[in-house]
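The following exercises are to be worked through with the sequence and the structure at hand. Each consists of a task and a solution in steps.

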Amino acid sequence: MGAYKQLAFLFDQSKCTGCKACQVACKDKHDLPVGQTWRRVPEYSGGQWRIGVDGAVTHDIWTYYTSLSCNHCDDPICVEVCPSTAMHKGENGIVSVDPALCIGCKYCAMACPYDAPQFDEATRTMSKCDFCADRITKGKRPACVAACPMCALDFGEAEELRAKYGDEASLEPLPEQSVTRPNLVILPHPKAQPSGHGTGHLANPTEI
Amino acid sequence: MTSTSEPDTLSLTPSRRKFLAWSGAIGAAGMVGLPGCTLQYSDPADAPLGGAEEGERIVWNACLVNCGSRCPVRMAVRDGRVIRIEPDNTGDDDLGNQQIRACVRGRSIRQRMYSPERLKKPLKRVGKRGEGKWEEISWDEATTIVADKIKELISKYGNESIYHNYGTGVIGAAVARSWPPGNTAVARLMNCVGGFLNHYNDYSAGNIEAAVDFHYGAWMGNNSNDDTVNSKLVVMFGNNPHETRMSGGGEMFVTQKAKQLSGHKVIVVDPRFSDTAMNLADEWVAIRPGTDLAFVAGMAHVMISEGLHDQEFLDKYCSGFDEEHLPENAPPGSSYRSYIEGKGEDGIEKTPEWAAKITGVPANDIRRLAREIAMTKPCNINQGWGIQRHSNGESQARAPMLLSNLIGQVGIPGGGNGEREGANPLPLVLFPTLENPVRPTISFYMWTKAITDGKGMTYRDGVRDSLDTNSNSNVVNDVVLGSNIKMIWNYGSNALINQHGDINHTIELLSDESKVEMIVVIDNQMTVSARYADIVLPDAMASGETIDLAWQSAATAGNLGYLIFCDKAHEPLYDSKPVYEMLTEIADKLGVREKFTEGRTQEDWVRWMLDETRKKIPDLPSFEELRAKGIYRQNVGPYISMAKFREDPVANPLETPSGKIEIYSSNLARMRDDWNYDQGSQWIDPLPVYRQTRELPGDALQLRYPLQCIGHHYKQRTHSSYGNSPWLKEAHPQLVWINKIDADARGIATNDQVRVFNDRGATELPAFVTERIAPGVVSVPQGAWYAPSASDGVDKGGCVNVLTSQQLNAYSKGNGQHSALVQVEKV
Amino acid sequence: MHEFYLVVFTLTAQLAVGAFVALGLVQVFAHGAAAGERDRVNGPALTLAGPLLVLGLAVSAMHLGSPLRAANSLLHVGTSWLSAEIALGLCFLVLGGVFAVAEWCKWGRPGSRTALAVVAALSGLGLVWAMSQVYSLRTVPAWATPFTPVNFFLTTLLLGSVAVVASLATSAHVTPGENAFRDRSVLWLSLIAAAAAVATIAVQPAYLAYLTDHPDAAAQVSMDLLTVTYWPALVGSQVMLGAGALLLLFALVQAFAARRRQGTALTWPVLVATGLIVAGELVLRILFYATMTRIGFGGQ
């Protein structure tokens with residue numbers, strides 16, 4: 001039994017500049033190659049330009065970033081669909097892959113709406129954010145949390161975080177949180193739009 | 001209680017802060033959210049040398065690139081190799097004690113240390129410059145060749161023929177620092193044998209550095225960013241700390257924290273909707289690059305006609321605002337007020353409509369912003385380096401300064417003087433580099449011209465006196481450059497090729513080996529510039545392979561100053577040597593070993609520096625203590641620029657001829673008629689007036705090359721450092737930013753390969769079609785590594801400097817690298 | 001097309017189940033058929049179905065990152081539809097294989113063999129159902145709909161019947177001779193195949209309407225992919241299926257007009273029709289994967 005009932009990430013979207021220090025810190029800690037990225041930072045942008053008669057321009061441009069790894073969901077669709085039970089929810093509520101069982105069928109990647117599971121070419125199995133379980137057991141923070149230069153990432157007991165900061169995770173470009181019940185609490189950017197009601201677009205789809 | 005009310009600033013009580021944290025969940029505009037690192041600043045089990053897993057040890061070190069910040073990177077070492085980076089784990093989220101977490105670039109530092117492009121052995125060029133054909137030679141042979149050439153050139157042409165190029169590839173360390181050029185180990189070496197040709201100012205800020213001397217007398221710096229907790233309004237011109245100064249301890253943190261604490265309003269003026277704008281700005285003014293001075297003039301018109309300007313301040317502290325306060329020899333009609341009201345030389349009234357046509361900012365917005373800026377006080381007007389890096393950059397740099405003068409906000413808490421943020425320095429004693437007796441010094445951007453036409457250049461061409469390089473002291477001088485450049489030291493520098501304008505021209509110039517006879521490159525990666533060397537000396541990585549000190553002092557961390565111990569993770573890789581060691585060998589061959597080393601090793605020098613600094617900072621720890629602790633921090637307090645001048649301008653005059661702020665600079669008036677510059681398309685104006693110089697909106701060249709091309713400073717790299725890190729290229733791919741309107745007109749979609757070109761050259765890279773850049777403007781992020789393809793010679797690396805100009809600006813003799821007109825086509 | 005392995009696997013597996021079931025249906029009409037006649041129907045069909053299924057399973061194993069651990073995929077049968085699919089697939093393979101051998105070697109009583117066939121057929125149909133549920137992910141609006149099992153079963157019926165028809169027509173060409181049972185089988189199965197092809201076409205507009213009315217933006221993206229980006233493929237698949245159905249009917253008419261005429265006149269239209277139908281199904285199945293869009297990022 002771990003120190004936490006259910007771990008959750010806390011993300012302050014109003015501070016994120018999309019720098020991806022979190023992404024690279026994760027890759028550095030886990031020695032991930034290019035093409036295997038456990039933490040990603042989608043950018044969601046919108047707004048329009050209007051050019052006036054004298055050539056002067058007006059606009060209502062907006063954009064914001066969301067740092068995202070795996071949300072260790074309460075209703076993890078990846079665990080449900082995995083044919084070999086390799087994907088499982090374990091200690092501290094962390095969802096992780098048992099590489100000894102995994103057959104690399106990629107069904108979890110097909111199902112996950114957050115693109116969390118990634119195929120590992122070297123081991124030929126799936127891999128994903130494991131909440132830096134090895135650091136958690138030693139009382140250390142996940143690499144991404146420790147890295148963020150804006151202190152936009154934090155983590156803790158899901159219940160406590162929700163009590164303090166609310167329960168918002170249904171913000172574009174993420175899906176509605178009722179689908180898999182992610183353990184992610186977001187403090188919204190002033191321009192954040194609710195899932196499914198967005199007027200913008202994903203600006204960097206090839207980086208997710 | 002609404003969340004837009006003004007909380008106490010620095011005296012925020014804990015319960016007040018907690019409230020702000022919770023009200024963040026309800027989401028007021030921009031200022032709320034996580035109050036920094038609440039839950040944990042550091043891991044419970046993580047003492048400074050902790051964080052190590054079994055079988056590992058952690059050493060402190062620093063990332064040493066020119067990002068304007070300076071971050072500790074703690075290195076986890078196992079089996080003699082760095083296997084992981086851990087960030088700073090000291091400090092908290094208080095301004096002045098912030099945790100200095102490394103940015104995305106520093107986190108990938110292992111990919112620089114262990115890059116396949118690490119230079120391994122000394123190399124001698126065979127074949128042509130740039131061909132990339134090398135012979136591996138011994139250190140003995142390499143140092144002999146260099147020493148012999150130095151001796152030969154000194155005897156034939158004098159020390160002035162040997163030039164120290166600009167390079168900031170390793171900056172912020174004490175011994176192994178490649179900048180400023182007068183403070184490097186190379187400088188010390190050359191000063192042992194009679195000196196060298198130095199340069200003044202830099203690629204970052206060469207235009208404002210020249211201009212501010214005339215406006216304020218000398219470099220002042222602005223109020224430090226932590227002081228903006230006292231501001232009600234902050235206006236940022238071409239300033240983008242959230243992408244350029246991304247250290248968790250640097251301006252990205254400080255500006256964000258200051259806004260959070262104070263709730264002040266932020267207006268960002270920038271051609272791009274930068275990450276600073278998206279994170280901080282309550283309003284983004286999308287402006288055509290290079291036209292900020294017209295924008296300010298339009299606002300000045302509103303302020304003057306509505307009586308919103310601070311007449312009292314202008315009368316007491318400034319010279320040249322109106323006819324009543326002109327210097328003696330200034331003709332009537334030459335005041336700024338006359339310029340604005342159309343009573344000056346050009347007879348044009350600088351109305352908001354006039355400004356809107358030039359800048360693209362709607363006239364009504366100009367009116368509204370003018371009123372807001374004039375009436376919201378205290379107001380900090382500041383700038384980054386973007387607006388001054390244009391062909392009219394000297395005057396552009398004065399735009400925010402002038403604006404801060406008009407509203408009288410200079411020298412007070414919460415105000416500002418229009419420069420870039422400053423800070424209080426730590427009184428550090430660093431590596432001494434002896435005296436350089438060579439008198440002439442040229443601007444950082446002049447070296448290509450000084451290769452062909454250096455001999456005989458005078459002050460009119462931009463030659464300054466190295467004894468006093470202030471612009472005012474070099475309006476006239478008696479210094480003459482005695483030689484063309486025959487040898488270039490290129491230490492930690494990619495400015496030989498990659499970072500200098502008009503790459504194709506430089507390559508052609510350097511291909512003539514009779515002009516520059518020797519190019520020595522000291523670096524740790526095979527950079528683009530290294531490819532054009534004659535001798536390559538492989539440097540050890542100052543981050544991780546030597547003992548040194550890194551520091552943050554005087555700007556870019558708000559009110560925090562600090563010193564980092566750079567420890568050794570392992571020995572220098574391959575056959576690389578620390579720069580101090582390799583130069584000692586050259587000194588030996590030159591017969592000045594003892595003079596160069598004073599009998600000290602690099603570590604000895606570090607101990608010496610700490611001892612000397614401890615005389616000024618008594619609580620500085622010992623060498624061993626600092627090694628164990630990793631970092632020494634000090635809250636240096638807020639810096640209020642020009643406070644003494646504001647207090648009493650008579651007792652504390654500025655170093656201008658009048659002692660006051662010179663809106664009309666009498667020195668510039670003198671230079672206008674005397675100096676050498678391109679009088680058809682360049683101007684030297686005593687007032688900060690808008691001029692349509694080379695490749696600005698309205699240029700006839702736009703018929704062929706309609707788009708303005710800037711090169712914004714990008715999260716993937718620090719200039720060109722880290723440009724070969726695979727993780728960073730994956731995280732932030734090199735793309736040309738183009739507005740959707742311009743892209744649609746050309747049938748371009750995101751990730752389409754496009755060609756960006758003008759008469760100077762062409763580059764091909766994928767496009768990023770976005771709303772986040774003004775229509776009519778594209779940006780090729782600067783610093784990408786120039787990579788001409790073998791098949792057609794066209795750059796495929798996306799290097800903006802194939803498109804930029806080498807033209808020297810009128811009196812700064814500096815760079816207008818953001819002034820470039822291009823066309824974009826789908827490939 | 002990185003999902004090509006799955007395209008091949010789902011089509012071959014559904015074809016194999018369909019062929020087996022089609023043969024079973026045909027047995028229902030087999031009263032009074034001579035044993036020899038029956039063998040000459042079952043033989044070719046089973047020879048086709050069995051190896052195809054094995055091939056399909058092998059291809060799907062190539063899709064795996066770690067195929068040597070494939071047996072682990074049976075560990076989650078109660079919860080994961082993929083686990084159930086593989087279990088049922090193996091069931092079908094084993095039971096169907098045993099049945100084929102039993103038929104060939106005449107093991108046991110006909111009644112028992114029939115019972116075995118029924119169980120095998122049911123597991124095959126279960127396999128198709130499980131496959132449809134594998135794709136009915138709540139995060140993929142384009143797939144999480146009754147249209148998925150409808151289309152999978154239509155494929156089963158269509159490809160199964162037309163494969164049996166093709167193998168029978170080929171065997172008739174190779175070993176001509178009177179076989180009323182074979183003729184009747186060809187007749188009925190061709191009609192069934194043609195009907196299934198027409199049904200597949202008829203279902204498309206309803207599916208597009210479902211996508212259009214779906215509240216999630218991801219459904220709209222799938223819709224745009226189908227009707228804007230890939231419309232030539234969509235239209236092409238419908239044309240191929242329709243042409244295949246018509247050609248089958250034409251072949252039937254030909255056969256009846258010529259009364260008992262055997263041989264090449266019947267063979268080539270049947271084979272061409274089969275080719276068209278298989279191609280149409282292939283394109284449709286590729287579109288199935290190509291227009292897959294997940295909620296969240298996919299909906300942008």
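Asn223(B) counts as buried, at 1% relative accessibility; buried means under 20% relative accessible area, exposed over 50% and partly exposed in between, with a 1.4 Å probe and protein chains only. This is a predicted model, in which local features need pLDDT of at least 70 and side-chain atom pairs count only at pLDDT 80 or more, while totals for chains, interfaces and linings use all residues. Residues are numbered from 1 along each chain as its sequence is written, chains are lettered from A and ligands numbered from 1 in the order in which they are written, and side-chain values use heavy atoms, with hydrogens and water left out.

**Exercise 1. Describe the surroundings of Asn223(B).**

Step 1. Locate the residue: Asn223(B) belongs to the loop between α5 and β8 (233–237) of chain B. Helices (H or I, at least four residues) and strands (E, at least two) are DSSP runs, numbered from the N terminus.

Step 2. Find the polar partners. A polar contact is a pair of N or O atoms within 3.5 Å; within protein, one must be able to donate a hydrogen and the other to accept it, and residues adjacent in sequence count only if both atoms are side-chain atoms. The side chain of Asn223(B) makes such a contact with the side chain of Asp227(B), at 2.9 Å. A polar atom of the Asn223(B) side chain also lies 3.0 Å from the backbone oxygen of Ile412(B).

Step 3. List the neighbours in contact, that is, with heavy atoms within 4.5 Å. Leaving aside residues up to four places away in sequence, Asn223(B) touches, among others, Asn380(B), Gly414(B), Glu421(B) and Tyr639(B).

**Exercise 2. Determine whether Val41(A) is buried or exposed, and which residues it touches.**

Step 1. Val41(A) lies in the loop between α1 (21–30) and β2 (43–46) of chain A.

Step 2. With a relative accessible area of 1%, Val41(A) is buried.

Step 3. Residues touched by Val41(A), not counting those up to four places away in sequence, include Cys16(A), Tyr65(A), Asn204(A) and Ile208(A). Val41(A) and Asn204(A) are 163 residues apart in sequence, yet 8.8 Å apart in space, C-alpha to C-alpha.

**Exercise 3. Classify the aromatic pair of Tyr166(B) and Tyr203(B).**

Step 1. Apply the rule: rings of Phe, Tyr and Trp (its six-membered ring) pair if their centres lie within 6.5 Å; planes under 30 degrees apart count as stacked, over 60 as edge-to-face and the rest as tilted. Over all chains the count comes to 39 aromatic pairs.

Step 2. For Tyr166(B) and Tyr203(B), the centres are 4.9 Å apart and the planes form an angle of 45 degrees, so the pair is tilted.

Step 3. Check accessibility: Tyr166(B) is buried at 7% relative accessible area, and Tyr203(B) is buried at 8%.

**Exercise 4. Identify backbone features in the loops.**

Step 1. The peptide bond from Trp179(B) to Pro180(B) is cis, with omega near 0 degrees; Pro180(B) is in the loop between β6 and α4 of chain B. A cis peptide bond also runs from Lys377(B) to Pro378(B), in the loop between α13 (363–375) and β12 (379–383).

Step 2. Although not a glycine, Lys106(A) has a positive phi of about 70 degrees. Lys106(A) is partly exposed, with a relative accessible area of 31%.

Step 3. Asp79(B), likewise not a glycine, has a positive phi of about 50 degrees. Asp79(B) counts as exposed at 77% relative accessibility.

**Exercise 5. Characterise the contact between chain A and chain C.**

Step 1. The contact takes 43 residues from chain A and 31 residues from chain C.

Step 2. Buried area is the accessible area (1.4 Å probe) that two parts lose on being put together, summed over both. Between chain A and chain C it is about 2,700 Å², with carbon and sulfur atoms giving 60%. Ile103(A), Tyr107(A) and Met110(A) lose the most area in chain A, together 27% of what that side buries.

Step 3. The interface holds three salt bridges, each a side-chain nitrogen of Lys or Arg within 4 Å of a carboxyl oxygen of Asp or Glu. Arg294(C) and Asp115(A) meet in a salt bridge at 2.5 Å, N to O.
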